[in-house]
Every structure is written in C-alpha cells, then in structure tokens.
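Here's a quick tour to read with the model open beside you. Take it a section at a time.

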Amino acid sequence: MWCSFLHEGVFSSSLSRIRVIRDDLIGMDYPVVCKHCVDAPCIRACKANALYKDTGGFTKLDKAKCIKCGECVNACPYGAVFQNPFDKTPLICDLCDGKPICVSKCPTNALSIHPATEIPVKNPAQLGKRYSVALSEYRVLLERWGIRVKYE
Ligand code: SF4
Ligand code: SF4
C-alpha cells in the first residue's frame, strides 16, 4: 500500500511494485519484487530502450520511451513486472532510490534488504512441521533462481 502511495499517490495494491503472491504448489504466500538482475532479461526484451540500469545498478524505467508493449512482463523470470491496470505502464520496483518504503513501513519488520545472491531464511528445523515443509520448498525455489539461502 505504501509503495503505491509513494509512486502513484493512492493506496492500491494493484498499483504496487511489490505484491504478495499465493503459491499453492508450495503452500506459501511470499512477496515478489524486482531483484535488479545484473544481466536483466527485461532490459534485453525492451525494444524501445525504455528500461536501463542507473549508476547504482538499479533497473529503471524511462516512462517517456515506453510503448507499453508488455514484453518486459513476459521476460521477467520472477514475475516481478506488474502492469498498471489503467494505462498498462509497467510497474517495476525502483528500490525508492535505495530507501524502500516497503521496508521502512513494514509493521512487523518482515522486510529487509540483502544482496540478491544471498537471503537469510529461518531454519525450518526450529519451526513446526507445517512451516518446515513450506520453507524447504521455498529454499528449493530460491536456489533455482540462483539465490543462496543462509539459515538464520
Ligand atoms: S524486472 Fe525481473 S528481469 Fe528485470 S531486473 Fe527485475 S527481476 Fe530482473
Ligand atoms: S512495456 Fe515499456 S518498458 Fe516494457 S518492454 Fe515494452 S516498451 Fe519496454
């Protein structure tokens, strides 16, 4: 909600750049957001050169160049490009230029920033069986994306 408010001036989950996805396959809900890939498939897919890397390595959108073709939505392997339902503009996390509001406003401090190559995850052995299975599956998913999981 804070993401949409900061970027679009309204509280609307359909305008947010970070979304909680329900994954029935692994029985877990988790947030999906741009990982600012070094070799970003979305940038390669954008024929209008509307997507680029800024000096900090963040993936950015030049709205003036965007033709709203949706190719970046299809190209992102993480499903992290959403579309504005009103004007079809791609919604991609810009990390709020290094100070993401989702992190600072999260009421339970569930969000934090780490290098994309390594993510801390609670050790499933310390949790109940229900969570243990879901977290093990989540780890498999993250490692398939090339992210090393570090148990806390
Ligand atoms: S939108 Fe997707 S492909 Fe592009 S940098 Fe972010 S995670 Fe990578
Ligand atoms: S929707 Fe815009 S940013 Fe995405 S691929 Fe098309 S022109 Fe590029």
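## Ground rules

This is a predicted model: local features need pLDDT of at least 70, side-chain atom pairs count only at pLDDT 80 or more, and totals for chains, interfaces and linings use all residues. Residues are numbered from 1 along each chain as its sequence is written, while chains are lettered from A and ligands numbered from 1 in the order in which they are written.

## Overall fold

The chain has five helices and eight strands, taken as DSSP runs numbered from the N terminus (helices H or I, at least four residues; strands E, at least two). Their order from the N terminus is α-β-β-α-β-β-α-β-β-α-β-α-β.

The C-alpha trace spans about 50 × 30 × 30 Å along its principal axes. Of the 152 residues, 18% count as buried; that label takes 20 or more other C-beta atoms within 10 Å of a residue's own, whereas exposed takes 12 or fewer and partly exposed is in between, with C-beta atoms placed from the backbone.

## Around the ligands

Ligand 1 has 13 residues around it, with Cys-34, Cys-37, Ala-40, Cys-42 and Cys-76 the closest. Being near here means that the C-beta atom, placed from the backbone, lies within 6 Å. That shell splits into ten nonpolar, two polar and one charged.

For both shells, Ala, Val, Leu, Ile, Met, Phe, Trp, Tyr, Cys and Pro count as nonpolar, Asp, Glu, Lys and Arg as charged, and the others, Gly among them, as polar.

## The core

The largest nonpolar core has 20 residues, and Cys-42, Cys-72 and Val-81 have the most contacts inside it. Such a core is a set of buried Ala, Val, Leu, Ile, Met, Phe, Trp, Tyr and Cys residues joined through C-beta atoms within 7 Å.

## A hairpin and a strand residue

Strands S1 (residues 19-23) and S2 (residues 28-32) run antiparallel, joined by five bridges; pairing takes at least two DSSP bridges. Asp-23 stands opposite Met-28, and Gly-27 in this hairpin takes a positive phi near 65°. None of the five residues of S1 is buried.
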